[in-house]
Amino acid sequence: MAGIPLVRIHSQCVTSEIFDPFDVLRRSLSMALDAIAAEGRGVLIYEMQEGRGIGLMAKLRAYALQDRGLDTVQANEHLGYAVDYRDYALPVAIFNHSGAPDPFDHK
């Protein structure tokens with residue numbers, strides 16, 4: 001069981017987690033949790049960074065633009081946001097604190 005554990009960093013998405021009729025994110029999260037369970041170890045880090053870090057209200061404004069044909073990136077940029085504002089410092093700190101091998105160390 002030594003080596004790099006399975007890690008899922010799941011970004012909060014209230015609109016999908018509550019209102020998505022297709023359960024896309026819930027299924028994705030469920031598959032990750034099933035893989036961690038099958039492996040017998042791993043970690044789920046739930047990041048509260050709604051809408052790629054722009055927040056719920058901005059995300060709802062972006063949805064209105066998506067209804068008019070823009071994709072997620074285009075809508076965020078149209079509203080003056082970067083493509084992605086999520087900050088992964090906390091997941092990195094959690095992972096480093098765990099003492100697990102660094103998955104990015106290719107020595």
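Colleague: Where is Tyr88 found?

Modeller: Tyr88 sits in the loop between helix H5 (72-78) and helix H6 (89-97). Helices (H or I, at least four residues) and strands (E, at least two) are DSSP runs, numbered from the N terminus. This is a predicted model, in which local features need pLDDT of at least 70, side-chain atom pairs count only at pLDDT 80 or more, and totals for chains, interfaces and linings use all residues. Residues are numbered from 1 along each chain as its sequence is written, and side-chain values use heavy atoms, with hydrogens and water left out.

Colleague: Is Tyr88 buried, partly exposed or exposed?

Modeller: Buried means under 20% relative accessible area, exposed over 50%, and partly exposed in between (1.4 Å probe, protein chains only). Tyr88 is partly exposed, because its relative accessible area is 35%.

Colleague: Which residues does Tyr88 touch, not counting residues up to four places away in sequence?

Modeller: Contact means heavy atoms within 4.5 Å. With residues up to four places away in sequence not counted, Tyr88 touches Ile9 and Glu47. Ile9 belongs to strand S1 (residues 6-11). Tyr88 and Ile9 are 79 residues apart along the chain, and their C-alpha atoms are separated by 8.9 Å.

Colleague: Is Gln12 buried or exposed?

Modeller: Gln12, in the loop between S1 and helix H1 (14-19), has a relative accessible area of 16% and is therefore buried. Not counting residues up to four places away in sequence, Gln12 touches Glu17, Tyr46, Glu47, Met48, Gln49, Glu50 and Gly51.
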